[in-house]
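This report describes a few parts of one protein model in plain terms. The sequence and the structure come before the text.

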Amino acid sequence: MSRIFPRSAAAVTTGLLAAAVIGGVAAAGPATATDNRHGHGSTRHVLLLSVDGLHQADLEWYVAQYPDSALARLVRRGTEFTRAQTPVPSDSFPGLIAQVTGGNPATTGIYYDDTYNSQLLPAGTTSCAGVKAGTEVNYTEGLDRDPTSIDAGAHLPGLPGGILALTATPQTLINPALLPVDPTTCMPVYPHSYLKVNTVFEVARAAGLRTAWSDKHPAYEIVNGPSGTGVQDLFTPEINSTAIGFASGDWTKDNAATQQYDSYKLQAVLNEIDGYDHSRTTKVGTPAIFGMNFQTVSTAEKLPRSDGLTGGYLPGGVTPGPLLARALGYVDASVATIVEEIQRRGLTGSTTVILSAKHGQSPTDPADLTRVADGPIIDGLNAAWAAGHPGAAPLVAFAVDDDVLQFWLSDTSAAATAFARTFLLTHPAAGKTIDGTPTTLPASGLTAVYAGDGAAAFFGTRPGDPRHPDVVGVVTHGVVFTGGTGKIAEHGGSDPQDRDVALVVSGAGVEHHEVDGHRVETTQIAPTILALLGLDPDALRAVRIEHTRALPLR
C-alpha cells in the first residue's frame, strides 16, 4: 500500500496446516435475492470465514482438482454463489464492514483503513479551539501501542505462542494519541465510533447472544460498532509485527510465517467451537456469531517468491502457482479441522458456515503486471498546481494508492478538482513490467478519473461528504502503484479480479446443494447471518438504508 501525507516518495507497505501446531491442535450490480424473512429454524451458530484474496475462480479450480477436499464438501453441502462481488474500494476494511453491516462505503463511512477526513482534527490535539480541521484517519497497525510486537504492546510472555492470552478488548492496545480528534468533543475517535452504522454483532448482543471475531490488527475493533461493545471476544494479533522466528520482517513477508500467524486465529476459533473464550481459559459457550480472517492466500498471491516457491499464478492467470496452491491447501486443511471440531462437539445440525473474502487480488496473469511509482505523479500534480497558485498548500493533502488511485485535496473547489482530473488524464506515467522492463502508460496508468462531485457520485454519496476521496482513479488492468518490487498483485480498486470473490453458505439452514448464478454482493452476508439466527435483518441500519436483501438459501 502506498500512503502519502502530505508529500513524499511512494512507499511500499507491504507447508500445510501441520506446519503450525498450537496448543496441541493442528494448525456491484443490482443484487437478486430473497426478501428479508427471518427464522431458519435449526441454526444457532453462524461461523464466518473470510479468506482474503479467494477468487471464485480459485475455489472452482481447487474443488475441481481436489473433489474430496473440505472445500469441495462445503460446496456440495451448501449454496455456492458464483457471481459474488465485494464493494468498491475492494480493501480489507470496507470489505469486512460490508459483511458485518450490510452496507457499502457511502452508508458505512468506511472507504479504506487509512483515509482523510476534512472535518476531524489532527491526532494529538488536546485543545481544539481554533485548530484547523482536516487530518489523516489511520486505522492500521500504526495505531498499536507497539506495532513491532504481535501482541501490539500487551507485553505477554512466551511470544509468539503465548499470543492466545491476548486481551479480548483490543481497543486497550490502541494508542489514543494517534487517533484523529472530534472537534465537538475534543476526544479521540476510535475505529468503532467512526463507523456510521451498527453491526451484526451488536444486533446479536441485544438479543442476548454471544459474539466473537478474530482479525489482523487491534484497529479491527471497528466491528464492535458504534456501541463499542458488539464483540465480546475479539482476538486481534498484529499481523504487521516482527515475525518471530522468521528472517523476513513481518508475518506477511513470508508465506510460511503467514500460515503460522493464521493458525493462532484458527486455534482461537477451535477454542470457541469447544465453548471456551479464545484463550481457552473460561467456559462461555459457543458463540452465535463468530469467525476469522485468513491472510495466507492473500500473501501467496502478492509475494513474488517465498519459501523457495514462486508466488501468484502461472502464465495465463488461471492456474495457481506452487506457493498459492500450497496456501489454498493450508486453508482447506484449516476448514477440515474446523468442520471436524464442529462435528466432534455435536454442533453440525445447528451451525452454518459462510465462506467468502474481503477482497480478491489483481492481476492474476503475471504478464499483465505494471508497477508504477505514484510519488512522481503526486509531485507532478502538486508542482503544476503550485505554478499557477504561488504560495498555496500542496494540492494533494493525502493519498493512498494500491491498484486504485485515491487523493484527498487541500482545495476541494470545482476548479481544483477539475485541475487534478485533467492533469491525471494527460500525464504519462513511468512503469515497469514484472521483469523490470521500462514502459510508459498514458493518463497516469488510469482508464477513468472521477473528481469532486464526480467522485461523490462514483461512490454514491453526497457532494461535500468529508470522508470519500476527492479524486479517484480507475486503474488500467494490471497497474499496481508501488515504487518497489515486493508484490506482484494488489487490491483496493474496482477491477473484477479485485471484486469477484467466493461465497458459499453451507450447513444448517441450507436445505440442499445449489449453484446460484445471480449477481449478489458480499453486503448480503450481514442480513443472511441474522436471518439464519432468526433475528430481524432490518435491525441493521445499513440494511434499511440500502434495502440489502438476505441471500437466497431456499
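Strands (E, at least two residues) and helices (H or I, at least four) are DSSP runs, numbered from the N terminus. The model is predicted, so local features need pLDDT of at least 70, side-chain atom pairs count only at pLDDT 80 or more, and totals for chains, interfaces and linings use all residues. Residues are numbered from 1 along each chain as its sequence is written, and side-chain values use heavy atoms, with hydrogens and water left out.

**Two residues**

Thr370 is part of strand β14 (residues 370–372). With 12% relative accessibility, Thr370 counts as buried, a class that means under 20% relative accessible area, against over 50% for exposed and in between for partly exposed (1.4 Å probe, protein chains only). Beyond its neighbours within four places in sequence, Thr370 is in contact (heavy atoms within 4.5 Å) with Gly431, Lys432, Thr439, Leu441, Gly478, Val479 and Val480.

His477 sits in the loop between β20 (471–475) and β21 (479–481). Its relative accessible area is 33%, which makes His477 partly exposed. Not counting residues up to four places away in sequence, His477 touches Pro363, Asp368, Asp495 and Gln497. His477 and Gly493 lie 10.0 Å apart, C-alpha to C-alpha, and 16 residues apart in sequence.

**Two helices**

Helix α7 (residues 255–273) packs with helix α9 (residues 322–344) at an angle of about 10°, and their axes are 10 Å apart. Axes are lines fitted to C-alpha atoms, for helices over the stretch in contact, and angles run from 0 to 180 degrees between N-to-C directions. The angle makes α7 roughly parallel to α9, a term for angles under 35 degrees. Residues making the contact include Leu266 of α7 and Tyr330 of α9.

**Pocket and cavity**

On a 1 Å grid over the protein atoms alone, a cavity is a set of points where a 1.4 Å probe fits but cannot get out, and a pocket is an open set with protein on both sides within 12 Å along at least five of seven lines; lining residues have an atom within 4 Å of a point. Grid points are joined across faces, edges and corners, and a volume is the space filled by probe spheres set on the points.

| Space | Volume |
|---|---|
| Largest pocket | about 530 Å³ |
| Second largest cavity | about 70 Å³ |

Of the 25 residues lining the largest pocket, Tyr116, Ser118, Leu409, Ser410 and Thr412 lie nearest its centre. At least two lining residues come from each of β15 (396–401), β16 (404–409) and α11 (414–426). Among the residues lining the second largest cavity are His55, Glu301 and Pro363.

Technical notes
Angles under 35 degrees count as roughly parallel, over 145 as roughly antiparallel, 65 to 115 as roughly perpendicular and the rest as oblique.
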